[in-house]
Amino acid sequence: MFEDGRSFLFKIQEGKLQTHNGVINLSDITGKSYGSSCQTHTGKRFYIMKPRLVDEIYRMKRQTQIVYPKDIGYILLMLDVHEGMKIIDAGVGSGAMCAALARAVGETGKIYAYEKREDFKKLAEENLTKWGLISRVEIKLRDISQGFDETADAIFLDVPDPWNYIRQCYEALVGSGNLAIVSPTTNQVQLVLEEISKFPFVGVEVWESLFRQYKTVPSRLRPFDRMVAHTTYMIFARKVVNDWRD
Ligand code: SAH
């Protein structure tokens, strides 16, 4: 990473890396610790930083839409994800959300991921393997209309027609378990809300998060001109049992 924040994500090996600030000889990096630096051929300092999961997610190989980091953070808290939890993730897609879940549940937790397309299952497996998280994840090649095999503490649902799987989610959740659904259009959210209202769920909430990055020039502190104005809506609900409908 350069001082200006421009960064490059790569495996250290032999060879050269061409950057906007000159060429880096990769053998100059070998054996150096994180936080230290080397110089490009033009004398610019290049810092060797440990990649964060967020860096990996922004650059990951993706063939599907992914959940964006700004939304991932809130979903992790609303699902109350913590060490040791068992979570269902459907569909797994490219595996961005799955990676965040897998990291948060720790060594003792487990993610049961469902995906109906073999090519996406393979891609998610590749990504999760690269990030060292695959041992916490079991990916099943399955259409979720057939339901889930497990009981889960929380469920994350990211498919184009989530309203069709509310019953399956309800059945798989433990009492008081949290459900999070992402959908990009209000039309989809409406259908989800109508379906959720037929089941014993409480605490139903719909959110969107607006995120604006600022330029870090102290004397001209202001937002960037452009922003990602829309990613997805987030719908949350909590399962209850034996409610008044019984
Ligand atoms: N959350 C993922 C992106 C999911 S994209 C991420 O962060 O990377 C939606 C995925 O759901 C696609 O891969 C699609 O193949 C899968 N999908 C759609 N309908 C499904 C179904 N009925 N059963 C299982 N997977 C499904």
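How many residues does helix α4 have, and what does the helix reach from its first C-alpha to its last? In this predicted model, α4 runs over residues 118-130 and has 13 residues. From first to last C-alpha it reaches 18 Å, close to the 18 Å expected at 1.5 Å a residue.

Several side chains of α4 are buried, namely F120, K121, L123, A124, N127 and L128. These residues lie on the same side of α4, because they cover an arc of only 165° around the axis. The face turned away from this buried side carries the exposed residues E118, K122 and K130. The cover over the buried residues of α4 includes helix α3 (96-105) and the strands β6 (110-115) and β7 (137-141). After the helix comes G132, whose phi is positive, near 70°.

The chain comprises 246 residues, of which 44% are buried. Its C-alpha trace spans about 75 × 40 × 30 Å along the principal axes. Of the contacts between residues at least 6 apart in sequence, 60% join residues at least 24 apart.

The surface and the charges were also computed for the protein chain. The chain has 33 positive and 31 negative side chains. The centres of these two sets lie 8 Å apart.

Notes. Residues numbered from 1 in each chain as written. Predicted model: local features only at pLDDT ≥ 70, side-chain atom pairs only at ≥ 80, totals over all residues. Heavy atoms only, no water. Buried < 20%, exposed > 50% of the residue type's maximum accessible area, 1.4 Å probe, protein only. Contact = heavy atoms within 4.5 Å. Lys, Arg positive; Asp, Glu negative; His and termini not counted. Charge placed at Lys NZ, Arg CZ, Asp CG, Glu CD. Helix = DSSP H or I, 4+ residues; strand = E, 2+ residues; numbered from the N terminus. Expected span 1.5 Å × (residues − 1). Arc of directions from axis to C-beta.
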